[in-house]
Amino acid sequence: MEFEKVVKERMSTRKFQDKRVPEETLKKILEIGRLAPTAKNLQPQKIYVIQSKEGLLKIDKSSPCRYNAPTVLLVCSDKNIAWKKDEYSTYEMDASIVATHLMLAATNYHVDNIWIEMFDKNIIKKEFHLEENIEPICLIPLGYKMDDYKASPLHTDRKPITETVEFL
Ligand SMILES: Cc1cc2nc3c(=O)[nH]c(=O)nc-3n(C[C@H](O)[C@H](O)[C@H](O)COP(=O)(O)O)c2cc1C
C-alpha cells in the first residue's frame with residue numbers, strides 16, 4: 001500500500017473476529033518491526049507473539065482490552081540492552097518506535113490492530129515469567145475487525161495542525 005494510505009487506513013480496532021492472521025503475514029509484519037531504528041542501534045525490543053489459548057488467557061488476566069483478537073504482540077524492552085545515560089534510558093522510546101512500525105505494517109497487510117496501554121505489567125511479568133530487566137511496553141492485538149465495527153469518533157478527532165506544529 002502507498003504510505004499515506006496506510007497511515008490514513010490505520011484505526012484502533014476494538015471488535016475482532018476469531019479468524020487468525022496467516023503465519024506468512026505475521027512474519028512480514030514482524031520483519032518490518034525488525035527494521036525500526038533504535039538508539040545507537042541497540043535493538044532492546046523483545047516481542048512475544050501470543051496465540052495459544054493459555055497465553056491469551058494470561059493476556060486477559062492483565063487487561064480488558066484484547067477485544068477478542070486471536071493474536072497479541074506483547075512488546076517489551078530489555079532495560080539492560082537499551083541505551084542509557086545516568087538515570088535516563090531510551091528503552092521505552094525504542095520499543096514504542098518498533099510498536100509503531102508493527103501497527104503500520106499490520107495495516108499495510110490489511111491486518112487490524114490497536115495499541116494497548118491499559119494492562120497490568122506486574123501480571124504480565126508474573127504470568128509470562130519475564131526477567132526483571134524485560135519491561136512490558138504495550139500490547140498490540142492483531143486480527144480482522146468484525147464487519148459491523150465502526151471506528152471510534154476519536155479516530156477522526158485530531159487537533160488542527162496549527163495547534164501542534166509551529167514554524168520557528
Ligand atoms: C500509547 C497509546 C495507548 C493506548 N491505550 C489504549 C488502551 O489501553 N485501550 C484502548 O482501547 N485503546 C488504547 N489506545 C488507542 C487510542 O485510544 C486511539 O489510538 C486514539 O483514540 C485515536 O483513535 P484511532 O487509533 O482510531 O485513530 C492507545 C493508543 C496509544 C497510542
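**How strands, helices and a ligand shell are judged**

Biologist: How do you know that β2 and β6 count as paired strands?

Modeller: In this predicted model, 8 bridges join β2 to β6, and the two strands run antiparallel. Since two strands pair if there are at least two bridges between them, β2 and β6 meet that condition. One of the facing pairs is Val75, which stands opposite Cys138 in β6, and another is Asp78, which stands opposite Ile134 in β6.

Biologist: What makes β5 and β6 a pair?

Modeller: Here 2 bridges join the antiparallel strands β5 and β6, and because the condition is at least two, this number is enough for pairing. In β6, the bridge partner of Asn113 is Leu142.

Biologist: In what order do the strands of the open sheet stand, and why is one side of β1 and of β5 left without a neighbour?

Modeller: The open sheet is formed by 4 strands in the order β1-β2-β6-β5, with antiparallel pairing. Because β1 (45-50) and β5 (112-113) stand at the edges and each has a single partner strand, one side of each has no neighbour in the sheet.

Biologist: Which helices pack on the sheet or lie across its strands?

Modeller: Helix α3, residues 53-62, lies across β1, β2 and β6 (134-143), and runs at about 115° to β1. Helix α4, residues 91-108, packs on the sheet and touches β1, β2, β5 and β6, with a direction that makes about 10° with that of β6.

Biologist: Why is β6 described as largely enclosed by the rest of the structure?

Modeller: A residue is buried if 20 or more other C-beta atoms lie within 10 Å of its own, and 10 of the 10 residues of β6 are buried, so this strand is largely enclosed by the rest of the structure. Strand β2 is mostly covered, with 7 of its 8 residues buried, and for the chain, buried residues make up 32% of the 168 residues.

Biologist: How many helices and strands does the chain have, and why is the chain called as compact as a globular protein of its length?

Modeller: The secondary structure comes to 6 helices and 6 strands, which follow the pattern α-α-β-α-β-β-β-α-β-α-β-α along the sequence. The radius of gyration is 17 Å, close to the 15 Å that the globule rule gives for 168 residues, so the chain is as compact as a globular protein of that length.

Biologist: How many residues surround the ligand, and which are the closest?

Modeller: The ligand is surrounded by 13 residues, the closest being Ser12, Glu117, Met118, Leu154 and His155. By class, the shell around the ligand holds 8 nonpolar, 3 polar and 2 charged residues.

How values were computed: Residues are numbered from 1 along each chain as its sequence is written. This is a predicted model: local features need pLDDT of at least 70, side-chain atom pairs count only at pLDDT 80 or more; totals for chains, interfaces and linings use all residues. A residue is near a molecule or strand if its C-beta atom, placed from the backbone, lies within 6 Å of it. Ala, Val, Leu, Ile, Met, Phe, Trp, Tyr, Cys and Pro count as nonpolar, Asp, Glu, Lys and Arg as charged, and the others, Gly among them, as polar. Two residues are in contact if their C-beta atoms, placed from the backbone, lie within 7 Å. Axes are lines fitted to C-alpha atoms, for helices over the stretch in contact, and angles run from 0 to 180 degrees between N-to-C directions. A residue is buried if 20 or more other C-beta atoms lie within 10 Å of its own, exposed if 12 or fewer, and partly exposed in between; C-beta atoms are placed from the backbone. The radius of gyration is taken over C-alpha atoms; the globule rule is 2.2 Å times the number of residues to the power 0.38.
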